[in-house]
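Please take a look at the model below with me.

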Amino acid sequence: MLSALQTRKLTRYFRVYDVDDDGVVGVRDFERVLENLRVLHGVANDTPALARLRQAYVVRWDAVRRSADADADGGVDLQEWLAYWDDVLASEDRYAAEVAGLVDRLYSLFDTDDSGRIDVDEFCNFHGAYGLHAETSRRVFHALDQDGDGAITRDELTAAAHDFYRSDDPAAPGTDLYGPIEE
Ligand SMILES: [Ca+2]
Ligand SMILES: [Ca+2]
Ligand SMILES: [Ca+2]
């Protein structure tokens, strides 16, 4: 069972993923993020780099759709999304895989200088790909950068993900991983 706070956080996550704001997470949302990333990375159409980026997103969308689209209508609505996360959070193995996948994706897509750390600009790029404002992103970044050294390490990101998915403390730093849960 998701707690009230978990439901709020996962609803926020859903709204972020639903980039075109039509109430359903679908292939068009992934296409839009992909296009934002393409522009962000300055990748031309029809390059191997774009093909790799597209492949990563096809795989991700396919995994979400297969597990979460319970009525198989090609989109994931909020109810399906919450049911999906309720299942994931009930399984240690699936949960661990989701967190590891999130950290890996974030690093592979946004650690653009390959330093093994996400700096504030890279973090703003991550939020920006989903249409979040840089001002909010900077605030979230500083909450997640727990040792204040100007970068989010894999450990800090993993801690943030655990806060986001599992903590029932609204003041936990990871609560706003996908932006503020109340606007
Ligand atoms: Ca959508
Ligand atoms: Ca559906
Ligand atoms: Ca840090």
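In this predicted model, Thr7, Leu10, Thr11 and Phe14 of helix H1 meet Leu78, Trp81, Leu82 and Trp85 of helix H4. Here, two residues are in contact if their C-beta atoms, placed from the backbone, lie within 7 Å. By class, this contact of H1 with H4 has six nonpolar, two polar and no charged residues. For these classes, Ala, Val, Leu, Ile, Met, Phe, Trp, Tyr, Cys and Pro count as nonpolar, Asp, Glu, Lys and Arg as charged, and the others, Gly among them, as polar.

A word on labels and limits: residues are numbered from 1 along each chain as its sequence is written, while chains are lettered from A and ligands numbered from 1 in the order in which they are written. Because the model is predicted, local features need pLDDT of at least 70 and side-chain atom pairs count only at pLDDT 80 or more, whereas totals for chains, interfaces and linings use all residues. Helices (H or I, at least four residues) and strands (E, at least two) are DSSP runs, numbered from the N terminus.

**How the helices cross**

Two packed helices are described by the angle between their axes and the distance between the axes. Axes are lines fitted to C-alpha atoms, for helices over the stretch in contact, and angles run from 0 to 180 degrees between N-to-C directions.

| Helix pair | Angle | Axes |
|---|---|---|
| H1 (residues 4–17) and H4 (residues 78–89) | roughly 125 degrees | within 10 Å |
| H6 and H7 | about 125 degrees | 9 Å apart |
| H2 and H3 (residues 48–68) | about 150 degrees | 10 Å apart |

Angles under 35 degrees count as roughly parallel, over 145 as roughly antiparallel, 65 to 115 as roughly perpendicular and the rest as oblique. H6 and H7 are therefore oblique to each other, and H2 and H3 are roughly antiparallel. H2 passes H3 in a right-handed crossing; a crossing is right-handed if the near helix is turned clockwise from the far one by less than a right angle, and left-handed if anticlockwise.

From H2, the contact with H3 uses Val27, Phe30, Val33, Leu34, Leu37 and Arg38, and H3 answers with Leu50, Leu53, Arg54, Tyr57 and Trp61. Nine of these residues are nonpolar, none polar and two charged.

Is H6 largely enclosed or open? Seven of its 10 residues are buried, so H6 is largely enclosed by the rest of the structure. Buried means that 20 or more other C-beta atoms lie within 10 Å of a residue's own; exposed means 12 or fewer, and partly exposed is in between, with C-beta atoms placed from the backbone. The buried residues of H6 include Glu122, Phe123 and His127. They pack against H2, helix H5 (92–110), strand E3 (118–119), H7 and strand E4 (151–152). After H6 comes Gly131, with a positive phi near 85 degrees.

**The nonpolar core**

A nonpolar core is a set of buried Ala, Val, Leu, Ile, Met, Phe, Trp, Tyr and Cys residues joined through C-beta atoms within 7 Å. The largest one has 29 residues, of which Trp81, Phe123, Ile152, Ala160, Ala161 and Leu177 touch the most other members. Helix H8 gives the most to this core, with five residues. Leaving aside neighbours within four places in sequence, Leu177 is in contact with Val140, Ala160, Ala161 and Phe164.
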